[in-house]
Amino acid sequence: MLTMDDIIREGHPTLRKVATNVPLPAPQEDKETLKKMLDFLVHSQDPELAEKYNLRPGVGLAAPQINVSKRMIAVNVTDHNDDLIEVGLFNPKIVSHSAETTFLENGEGCLSVDRSVPGIVPRYARIKVEGTNLEGEKVSLRLKGLPAIVFQHEIDHLNGIMFYDRIEESDPYKKPLPPHEVIKRNEFDNPIS
Ligand code: K2U
Ligand code: NI
């Protein structure tokens with residue numbers, strides 16, 4: 001199983017690389033890696049396992065974070081309807097997005113960043129993501145709220161972008177121009193139940 005020891009931290013060059021596409025149908029090795037990434041998220045959200053293996057809770061993970069520079073992401077997050085979005089995607093792509101932006105009121109964190117970096121991280125409020133799942137099916141997801149933010153955070157990792165790259169250095173709490181919506185419900189503060 002993956003643990004925090006497998007997660008590389010800021011300063012590691014792989015986090016700043018543009019990851020390469022996964023050839024489809026995905027090789028068995030890449031399928032196994034993506035499955036392990038999904039399992040890590042489930043384990044990290046289980047209080048007993050998280051304590052036992054010292055895992056930081058995560059709702060998303062990108063392959064570059066385990067030093068695999070391939071375009072693969074895993075997401076395990078509940079949406080505003082409390083519906084679970086649990087998906088591993090090969091070659092995810094944001095194919096369209098809203099003009100409207102959003103952001104987590106308390107900012108973002110990252111499993112590859114062992115420090116707090118305060119500030120507003122502007123994200124598109126709604127996105128349409130396409131990719132290929134573990135079963136080899138083409139997937140198209142329309143996302144908003146926290147799931148939309150998580151997917152944008154993870155897809156940024158595939159392009160060597162860290163969340164703090166998006167914080168306005170001169171004014172970290174500068175709100176993006178309207179229209180924007182603020183997401184107040186931020187699991188970041190409330191450990192995932
Ligand atoms: O990519 C990662 O480092 C995993 C992050 C993803 C993430 C961070 C901030 C905002 C959205 C996604 C971890 O999931 S950080 C822990 C976390 C948990 C619940 C909600 C937000 C962040
Ligand atoms: Ni991250």
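This is a predicted model: local features need pLDDT of at least 70, side-chain atom pairs count only at pLDDT 80 or more; totals for chains, interfaces and linings use all residues.
Local features need pLDDT of at least 70 and side-chain atom pairs count only at pLDDT 80 or more, while totals for chains, interfaces and linings use all residues; side-chain values use heavy atoms, with hydrogens and water left out.

Around ligand 1 there are 17 residues, the closest being Val59, Gly60, Gln65, Leu111 and Glu154, where a residue is near a molecule if one of its heavy atoms lies within 4 Å of it. This shell divides into 8 nonpolar, 6 polar and 3 charged residues, with Gly counted as polar, and its largest share, 5 residues, comes from helix H3, residues 145–158.

An oxygen atom of ligand 1 is 2.8 Å from a polar backbone atom of Val59.

The nickel ion, ligand 2, has as its protein donors (N, O and S atoms within 2.8 Å of the metal, or 3.2 Å for Na, K and Ca) Cys110 through SG, His153 through NE2 and His157 through NE2, at 2.1 to 2.3 Å. Because Cys110 lies in the loop between strand S4 (101–104) and strand S5 (123–124) while His157 lies in helix H3, the pair ties together parts that are 47 residues apart in sequence. Both Cys110 and His157 are buried, meaning under 20% relative accessible area with a 1.4 Å probe and protein chains only.

How values were computed: Residues are numbered from 1 along each chain as its sequence is written. Chains are lettered from A and ligands numbered from 1 in the order in which they are written. A polar contact is a pair of N or O atoms within 3.5 Å; within protein, one must be able to donate a hydrogen and the other to accept it, and residues adjacent in sequence count only if both atoms are side-chain atoms. Helices (H or I, at least four residues) and strands (E, at least two) are DSSP runs, numbered from the N terminus. Buried means under 20% relative accessible area, exposed over 50%, partly exposed in between (1.4 Å probe, protein chains only).
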